[in-house]
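Please examine the sequence and the three-dimensional model shown here.

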Amino acid sequence: MWRDPEKRRDLGLLVVRIGLGLTFLFIHGGPKLLGGPERWARVGGAMQVFGIDFAPTFWGLVAALSEAVGGGLLLMLGLFFPWALIFPTLTLLVAALGHLTGLIPGGPGIRWSWPSSSSP
């Protein structure tokens with residue numbers, strides 16, 4: 001079984017798919033879903049990046065569902081794979097733009113100090 005490169009490739013893809021799915025389910029989407037309407041409103045407030053400032057609770061719930069269901073369950077099960085990842089990708093794009101514009105804390109204003117090989 002392990003000598004066949006096709007089976008090793010399939011096993012590797014399965015491990016990556018399950019690992020990413022668990023990450024989306026338990027680190028990204030799950031806590032947002034369990035956070036309730038207060039958390040959904042905070043998450044949905046990131047839509048202000050695009051000038052959408054109505055119904056932040058709805059947008060937060062959509063973001064949580066897209067990460068938990070689309071990025072988590074459907075990715076792990078391999079169902080509707082390309083279509084299921086459209087919504088989590090859009091959700092993470094909104095998050096990235098929110099960080100870059102400063103709407104979400106933790107954007108470019110935070111400076112990381114990287115170790116340097118040269119001494120001052």
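The sections below take up the basis of the model, its overall architecture and its salt bridges.

## Basis of the model

This is a predicted model, in which local features need pLDDT of at least 70 and side-chain atom pairs count only at pLDDT 80 or more, whereas totals for chains, interfaces and linings use all residues. Residues are numbered from 1 along each chain as its sequence is written, and side-chain values use heavy atoms, with hydrogens and water left out.

## Overall architecture

The protein chain contains five helices and zero strands, and its pattern along the sequence reads α-α-α-α-α. Helices here are DSSP runs of H or I with at least four residues, strands are runs of E with at least two, and both are numbered from the N terminus.

The protein chain has 120 residues, of which 24% count as buried; buried means under 20% relative accessible area, exposed means over 50%, and partly exposed lies in between, with a 1.4 Å probe and protein chains only. The accessible surface of the protein chain is about 8500 Å², and 72% of that surface belongs to carbon and sulfur atoms, the areas coming from the Shrake-Rupley method with a 1.4 Å probe, where for residues only the protein chains shown count as cover. Among contacts (heavy atoms within 4.5 Å) in the protein chain between residues at least 6 apart in sequence, 53% join residues at least 24 apart.

Three salt bridges are found in a search of the whole structure, a salt bridge being a side-chain nitrogen of Lys or Arg within 4 Å of a carboxyl oxygen of Asp or Glu. Glu6, Arg9 and Asp10 are linked in a network of such bridges. Arg9 pairs with Glu6, their closest N and O atoms being 3.1 Å apart, and both residues lie in helix α1 (residues 5-34), three residues apart, about one turn of the helix. Arg9 also meets the side chain of Asp10 in a salt bridge, at 3.7 Å from N to O.

## A salt bridge between helices

Lys32 forms a salt bridge with Glu67, with the closest N and O atoms 2.8 Å apart. Because Lys32 lies in helix α1 and Glu67 in helix α3 (residues 56-77), this pair ties together parts that are 35 residues apart in sequence. Both Lys32 and Glu67 are buried.
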